[in-house]
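Please work through each task before reading its solution.

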Amino acid sequence: MALFDPFGRKINYLRLSVTDRCNLRCIYCMPAEGVRKLKHEEILSYEELQLLAETAVRIGIEKIRITGGEPLVRKGIVDFLAGLSKIPGLRQLVLTTNGMLLSEMAEGLRAAGVHRINISLDSLKPEIFARITRRGNLDQVLTGIRTAESIGFPIKLNMVVMRGINDGEILDFAGLTMEKPYTVRFIEYMPSMKEPDWRSRVFSGDEVMRRISEAYRIRPFPREDSLSGPSRNFRIDGANGTIGIITAVSSHFCSECNRIRVTSSGTAKGCLFDNAEYDLKPILRSGNRSALETALREIVARKPERGAICDPDSHRKPFDMSKVGG
Ligand code: SAM
């Protein structure tokens, strides 16, 4: 059964955050002073998350991405994922992680039936990595990536490009695809927190392309499949891997949006950059499947045509990406 919103977009992708906790404090994701942690009872239990996922798949969701906070810090995550991967009709179970715990967990994730892992990595230089993550350990992440690769996970790296911080590493990241069969994706910095100087940080996808094409010959590369996100893909001539550019800020791809989001406390969002939120927790706690189904359909029915990502006059509230899950 397929699920469509009023603008004819097929909605088949759920981003599900399983925790607000993170072992990093990335500068673009959380304010320096940190964020209030949710109380244990505010967080959905694994049973509630499972019910949500099953119901979403029953009405047309085909791909679920587990996110956070950092999903791998939640106790019991591997068993939870093993349960999710068995949901009939779920075509892709994928996960996004900062990679800090990957070396010890990659094997379990593979066995649990996770199809793919996206690893967020914004610098290959220890001092810049530490500045961006405020507490990460680059070596630990690189070891995690190698472990995941060695057991057969396809590797997708997501780099948020920030002017004056890590834009000097675009060619290093692009160059990784020459030798490795990795997908490296360059993501425009999004003003989720609406900092006054956010525009000065944005390094556009076009600029990324220009920089890469000055050094390499690149050709367009087709999308992976019908469940893939809005990335424009390229391959450097002779490379093993591919490059993707995600231009959330400089050029909207709302017409292709196929997703809804639910946070670890059960708040659903039909659009990342819209204030509308729906509290699914009471329904999940009541265990009422048909009410849940109705609520999810309602969220899809109310998806806005466009999100107010960069409109300075919009009343969009700032938010921490660590709560929503990216
Ligand atoms: N901890 C996990 C991770 O690092 O992938 C999952 C959560 S994190 C919020 C998900 C994604 O959101 C990461 O790839 C991160 O880079 C991205 N993200 C967070 N804030 C962002 C921002 N302001 N602009 C662009 N991407 C952002």
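**Exercise 1.** How far is a nitrogen atom of the ligand from an N or O atom in the side chain of Glu70?

*Solution.* The model is predicted, so local features need pLDDT of at least 70 and side-chain atom pairs count only at pLDDT 80 or more, while totals for chains, interfaces and linings use all residues. Residues are numbered from 1 along each chain as its sequence is written, and side-chain values use heavy atoms, with hydrogens and water left out.

Step 1. The Glu70 side chain places an N or O atom 3.0 Å from a ligand nitrogen, a polar contact (a pair of N or O atoms within 3.5 Å).

Step 2. From the backbone, an N or O atom of Gly69 lies 2.9 Å from a nitrogen atom of the ligand; for Tyr28 the corresponding distance is 3.0 Å.

Step 3. The protein buries 95% of the 540 Å² that the ligand exposes when taken alone (Shrake-Rupley method, 1.4 Å probe).

**Exercise 2.** State the order of the strands in the open sheet of 12 strands.

*Solution.* Step 1. The order is E7-E8-E9-E6-E5-E4-E3-E2-E1-E10-E11-E12, with mixed pairing (strands are DSSP runs of E, at least two residues, numbered from the N terminus); two strands pair if DSSP finds at least two bridges between them.

Step 1. Strand E7 (218-220) and strand E12 (278-279) are the edge strands, each pairing on one side only.

Step 2. Strands E6 (residues 183-188) and E9 (residues 242-246) run parallel and are joined by 5 bridges.

How values were computed
A polar contact is a pair of N or O atoms within 3.5 Å; within protein, one must be able to donate a hydrogen and the other to accept it, and residues adjacent in sequence count only if both atoms are side-chain atoms. Helices (H or I, at least four residues) and strands (E, at least two) are DSSP runs, numbered from the N terminus.
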